[in-house]
Amino acid sequence: MKEDTERPDQERPVQGRAWAHNRDLMGVLLAGGRSSRMGQDKATLQLPGRGTVLEHLLGLVAGLVPQFLVPQLLVSVRSKEPCAALADSFARAHGIPVRLILDRTEEIGPMGGLYTSLQVAREEHCQGCLVLSCDVPLLVPGLLTRLVEHREQHPEALVTALQDARGWLHPLVALWSVEAIAFLEQAMTSGDYSLRRAVPAEHWQAVACTPREELSLANANTPQEWQHICALLEQGLPAEDRA
């Protein structure tokens, strides 16, 4: 998620259609990475007191159904194993269908999973996706609610993303409009797979995190980072009421 913030000079046209009402959004969990730095699938790691990363993040997204999201969750995967059993169990327990989708692109990282998810959303007549990646397991519900509420105030934005104190935008904790598909296609054609560069800056909206909330954006991509995440949870952080 730590991409640079440079933008290409070339401007690209956008249709600019405003998003429809809240229930035109789909919840998406990106779980198709190779987890090469972690050495094992991040989605199936056990969070102290919260189940697996996959179950925890699906639970956060499910909490926005039906007020904000359609009653179906997507999980973008490289292979349907080992997430299939966890997704089925979650769906039965919560009464919300969970659909595993395979990338429709070559292996190009998060852009491939995002692109495929947006295509599915468009096919389901949705206007966009609330997208989370599996490397931010400390996320809390308040941040996601703020994202959706901010989008309501700026329906023209193609991407509404969390922003930390350094000014970094987090495109994998964000709301993406299906209108961004054209920009992603142009980026893939050019071979530039940076999500931040794919969509010009004028089509982004940032939701600034408070210092307390930034803890929820801690990455878990290596065993060392995972140990830090688990230590924070064992200390009782981050508490749900801190977001």
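The crossing of helices α3 and α5 is left-handed, a term used where the near helix is turned anticlockwise from the far one by less than a right angle. The axes of α3 (residues 110-123) and α5 (residues 181-190) come within 10 Å and cross at roughly 145°, with axes taken as lines fitted to C-alpha atoms, for helices over the stretch in contact, and angles running from 0 to 180 degrees between N-to-C directions. The model is predicted, and local features need pLDDT of at least 70, side-chain atom pairs count only at pLDDT 80 or more, and totals for chains, interfaces and linings use all residues. Residues are numbered from 1 along each chain as its sequence is written, and side-chain values use heavy atoms, with hydrogens and water left out.

Helices (H or I, at least four residues) and strands (E, at least two) are DSSP runs, numbered from the N terminus. In α3, M111, L114, Y115, L118, Q119 and R122 meet I181, L184, E185, A187 and M188 of α5, contact being heavy atoms within 4.5 Å.

Seven strands form an open sheet of mixed pairing, in the order β5-β4-β1-β6-β8-β7-β9, where two strands pair if DSSP finds at least two bridges between them. At its edges lie β5 (98-102) and β9 (204-208), each pairing on one side only. Strand β7 (residues 159-163) runs parallel to β9 and is joined to it by five bridges, and L162 stands opposite V207 in β9. Helix α2 (residues 83-94) lies across β4 (69-77) and β5, running at about 155° to β5.
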